[in-house]
Amino acid sequence: MSLLKREAENILLNNRREGYTLPTNNKLYPAQWNWDSAYIALGYSYFNKEYAIVELEKLFEGQWSDGMVPHILFHHKDENYFPNHNTWQCGEKIPSSGITQPPIVSSILKLMLDKHEFSSSEMERILNLVKKTKNYLEWFYKYRDPNDTGLVSILHPWESGTDNSPLWDFPLSKILIEENLEYKRRDLDVSSSDVRPLKRDYDCYITLLNQFRNEKYNPEKLYDISMFNVADIGFNSLFLKACKDLVYIATKNNIECTFIQKKITQTENKLISLYNKGDNSFYSYDVLNKQTLEIPSITNYFILFADIQNKEINNSIIQSLKMYNSNEKYFFSSIKPDNKYFEEIRYWRGPVWINCNWILYKGLLEKDPELANKIKSHTLDLMHEKDFHEYYSCKSGTPYGANNFSWSAALYLDLIND
Ligand code: DGY
């Protein structure tokens, strides 16, 4: 155990650059990613609190003045990544992408505060981050739910963090791909095409990016003009929990937070209204095409992380989760294996991801401690056996994607300390 603990710490330290940490050292992701950084900060908090705080300070250095925190910050103008700063052409203090990612940072701050003692000067820095997080979460309500429905939309599959999930197949099939689209992918130089998104996916990703750049990423406009607009269950669950965790910290520290506090009930009720009793599932909703997305994705179970106050639904969802991977040796696959879109090794279309297991583990700790602990020991065993990779096959446990993967190492450190 302690050898692996040291290995996990070393992965973070070796991937660390000037104040921020790369998702991996294998060149696939040569920048700072939003939700990766949040997980990474939690990992550091167990052995270097300064690095944990600096990691998040770096992330918020890239925050836009409207409150948005981009999904990628290009601290170095590395041209080996596509799409890099030249393609995005945006960012304020730091060149960045023009879209965001799940705002898990708020829940990470709460976990860090629950777990550790901080000095008063560290506390001051953390509360500064909390205030920035508040602006970030308010940004979602303002610009990603302009019609005040209670649910926030993602406008690009990259915002979900689960880029090529079959969840997006239908909404992407409606996109008019830009004519004469020209670009050169760099991910395939360092990763096998069998495990990465398809050309058709990238054509859509870049068409959307170009559309947003043409609009100068104006958040007032993007919601209405984007060719992709989805109220995703996974994203909204993480968002709702982020809001709850923010309010928890703010209340304890006398930070005014009434707007978010008021919105929480609306978001929770709206999410609950998406519960489908017939097949005991939550399904995402394609806002643009007015279509329910009936894809059995593990992210639909993130509702457990959101801590909705409805015991009956939570219990039914837990029963369903117990069946989700009943025939596989390794769990949880990102897509249910009996689904026709499941692909064993292709990125978010099937493989097991450590952060998904971690989210479910956290969500179950109070609701079903036995299941939570089973997930924890299984996830630790997977990393003991196969090391800290980006993702794994649910059939064989074989690792795929990047090695020395920072968030796997960081979440390992949290799991062994929990
Ligand atoms: C990638 O480059 O694959 C990233 O997931 C985009 O955020």
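Where does Tyr347 lie? Tyr347 lies in the loop between α14 and α15, where helices (H or I, at least four residues) and strands (E, at least two) are DSSP runs numbered from the N terminus. Phi of this residue is near 50°, a positive value in a residue other than glycine.

Before I continue, a word on the model. It is a predicted model, in which local features need pLDDT of at least 70, side-chain atom pairs count only at pLDDT 80 or more, and totals for chains, interfaces and linings use all residues. Residues are numbered from 1 along each chain as its sequence is written, and side-chain values use heavy atoms, with hydrogens and water left out.

Let us turn to the ligand. Tyr347 is one of the residues around the ligand, together with Tyr29, Trp33, His71, Tyr81, Trp158, Asp163, Arg196 and Tyr202; a residue counts as near if one of its heavy atoms lies within 4 Å of the molecule. This shell divides into six nonpolar, one polar and two charged residues. In these classes, Ala, Val, Leu, Ile, Met, Phe, Trp, Tyr, Cys and Pro count as nonpolar, Asp, Glu, Lys and Arg as charged, and the others, Gly among them, as polar.

Which side chains make polar contacts, that is, pairs of N or O atoms within 3.5 Å? For Asp163, a polar side-chain atom lies 2.5 Å from an oxygen atom of the ligand. In His71, an N or O atom of the side chain is 2.8 Å from a ligand oxygen. Arg196 also places a polar side-chain atom 2.8 Å from an oxygen atom of the ligand. Taken alone, the ligand exposes 230 Å², and the protein buries 95% of that, by the Shrake-Rupley method with a 1.4 Å probe.

The space taken by the ligand is the largest cavity; a molecule sits in a cavity or pocket if more than half of its atoms lie within 2 Å of its grid points. On a 1 Å grid over the protein atoms alone, a cavity is a set of points where a 1.4 Å probe fits but cannot get out, whereas a pocket is an open set with protein on both sides within 12 Å along at least five of seven lines; lining residues have an atom within 4 Å of a point. Points are joined across faces, edges and corners, and a volume is the space filled by probe spheres set on them.

There are four cavities of 30 Å³ or more, and the largest has a volume of about 230 Å³. Of the 22 residues that line the largest cavity, Tyr29, Trp33, Gln101, Asp163 and Tyr347 are the closest to its centre. Its lining has 14 nonpolar, three polar and five charged residues.

The largest pocket holds about 610 Å³ of space. Among its 20 lining residues, Lys241, Asp307, Lys362, Glu366 and Lys367 lie nearest the centre. Two or more lining residues come from each of α5 (105-115), α12 (233-252), α14 (311-324) and α15 (354-364), and α5 gives the largest share, four residues. By class, this lining has four nonpolar, six polar and ten charged residues.

The second largest pocket has a volume of about 230 Å³. Its lining of 13 residues includes Leu151, Ala231, Lys270, Tyr285 and Val287, which lie nearest its centre. Seven of the lining residues are nonpolar, five polar and one charged.

Finally, the backbone. A cis peptide bond, with omega about -5°, joins Phe82 and Pro83, and Pro83 is found in the loop between β2 (72-73) and α4 (85-88). Phe331 and Phe332 are also joined by a cis peptide bond, with omega about -5°. Phe332 is found in the loop between α14 and α15, and Tyr347, with which I began, lies in the loop between α14 and α15.

Conventions
Polar contact = N/O pair within 3.5 Å; in protein donor to acceptor, adjacent residues only side chain to side chain.
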